[in-house]
Amino acid sequence: MDFDFTSEQLELKINTIKFAQKELNENVILRDREGSFSKDLWQKCADFGILGFPFPKEYGGADCDILTTLLIMEGLGCGCKDSGLIFSINGQMWTVQMPIFHFGTPEQKTKYLSKLCSGEWIGANGMTEPGSGSDSFALSTTAKLKGDYYLLNGAKTFITNAPTADLFIIFATTDKSKGFMGITAFLVEKGFPGLKVSKEIEKMGLKTSPMAEVILEDCKVPVENRLSKEGNGAAIFNDGIEWERSCMLASDIGVMERQLKECVKYAKERRQFNKPIGKFQAIANKIVDMKVRLETARLILYKVAWLKKTQNRAGMEAALAKLYLSESLVKSCLDAIQIHGGYGYTTEYELERDLRDSVASTLYSGTSEIQKNIIAEYLGL
Amino acid sequence: MNIISELENFLITEVSVDYGLDKKSVASDENLISSGIIDSMGILKLVSFMEKNFGIKINNEDIVPENFQTLNALKEFVEKKVKKII
């Protein structure tokens, strides 16, 4: 088993860290306070190639394999302190771009992937509804075929990127009698009649990632904008969720790596009772715990990536990764604050924002409780 | 290889039992989805089973009602996959 990355892969990660540190960390405290999304920083990420790394060159991508992409996203999380921006990027890459790439027609890929990879357009995934969160397939949004178009009616909530999105993937029921197999996915452009985005939803964290409700009132969607076949929506969602539960969290490994470095540095420099606080076991042990969680999370994530790369199903492994990584991230953030003491509680040190941002990771892409349910099912319980 | 009986046995012993369905048999034209035998989690387990048991690769775009709605539909789908028609 070879755990080494190539020198090219490591260079990509280092370059991503340098890019993020140089370009993406201005005014994060202010933007978090104001809850403002930066299109300028989004474009910088797109120009660097982040949005296109795992996609083919014909769509403006770089054709990187999944392990290389994970390493780049780790680098992004390590160098960039704006977790909201990273969350928005991840949301588009894994829940909009990847479904189009896997399930889209050549025409759909040509029309939409290039614009998404280049940063010209922003994408949003519309699955969750006020009445269906963990019970994802209990959708109320309907889609009725009327000749050469569908009419969509319903409401979606907690839609990341909705306020700034040019393109939405909307999941709707086309045949209620078929339950979860009666769900179909649609590519809905901002300008399609009948689509409205409500005012932004204010959140505890990830404040620089915009979120809103999406209302569909006789929203007219051409038949050629249906993604794959009728009834394939659940499979599209499940495919996307495996990518979400793994790749979306790669940047959180980068966050944990950054926090570990900051804590080691602080523990060596901060002196109390005439010695560095890192010499006290209570502090050293916390940092060791951070290291153990980081390396374990990495291994689980790389296993998922390897399974996806070798075109194997990774349902249970993705759930394991999501559960462990997200909960490790929250613990890492809490430890980082505790190690920094009173300073860790201040806005200036940016650790409190990391914690507020981290809590969402135990909720999105299926809550920790749902991940445990999934793992239990796979175990035959 | 009796495709229908292997699938039926899997559905009875591994899938429907999860949902408190006391199934002893599944009719070949019974609607697996509306009867509650397969739900969104069950289908993932079924797909994994089919890939391992029949040595086939199921693409996500194949996971549509016409291939999974009944045992007859599943049998036809597996046969096409085995013969590499789809």
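Predicted model: local features only at pLDDT ≥ 70, side-chain atom pairs only at ≥ 80, totals over all residues.
View 1. Ser88(A) counts as buried because it has 28 C-beta neighbours inside 10 Å. For this term, 20 or more other C-beta atoms within 10 Å make a residue buried, 12 or fewer make it exposed, and anything in between is partly exposed. Look also for Met248(A): its C-alpha atom is 10.0 Å from that of Ser88(A), although the two are 160 residues apart along the chain.

**View 2. Where domain 1 of chain A meets domain 2 of chain A.** The domain assignment divides chain A into domain 1 (7–121), domain 2 (124–231) and domain 3 (249–378), with bounds that come from an automatic or database assignment. The C-alpha centres of domains 1 and 2 of chain A are 23 Å apart, and 22 residues of domain 1 are in contact with 18 residues of domain 2. On the domain 1 side, helix H2 (28–34), helix H5 (83–103) and helix H6 (106–118) of chain A each give two or more residues. Helices (H or I, at least four residues) and strands (E, at least two) are DSSP runs, numbered from the N terminus. The largest share, eleven residues, comes from H5(A). By class, this side has eight nonpolar, eleven polar and three charged residues; Ala, Val, Leu, Ile, Met, Phe, Trp, Tyr, Cys and Pro count as nonpolar, Asp, Glu, Lys and Arg as charged, and the others, Gly among them, as polar.

**View 3. A hairpin of S2(A) and S3(A).** Strand S2 (residues 142–146) and strand S3 (residues 149–160) of chain A pair in the antiparallel sense over five bridges; pairing requires at least two bridges found by DSSP. Lys144(A) stands opposite Leu151(A) in S3(A). Two residues lie between the strands, and Gly147(A) in the turn has a positive phi of about 75°.

**View 4. The side of chain A that touches chain B.** Here 19 residues of chain A are in contact with 13 residues of chain B. H5 and helix H7 (233–247) of chain A each supply at least two residues of the chain A side, and H7(A) gives the most, with four residues. This side has six nonpolar, eight polar and five charged residues.

**View 5. Helix H2 (residues 40–54) of chain B and its neighbours.** Chain B has four helices and zero strands. Among the buried residues of H2(B) are Ile43(B), Leu44(B) and Met50(B). The buried residues of H2(B) pack against H7 and helix H10 (315–344) of chain A, together with helix H1 (3–15), helix H3 (65–68) and helix H4 (71–82) of chain B.

Notes: Residues numbered from 1 in each chain as written. Chains lettered and ligands numbered in written order. Contact = placed C-beta atoms within 7 Å. Expected span 1.5 Å × (residues − 1).
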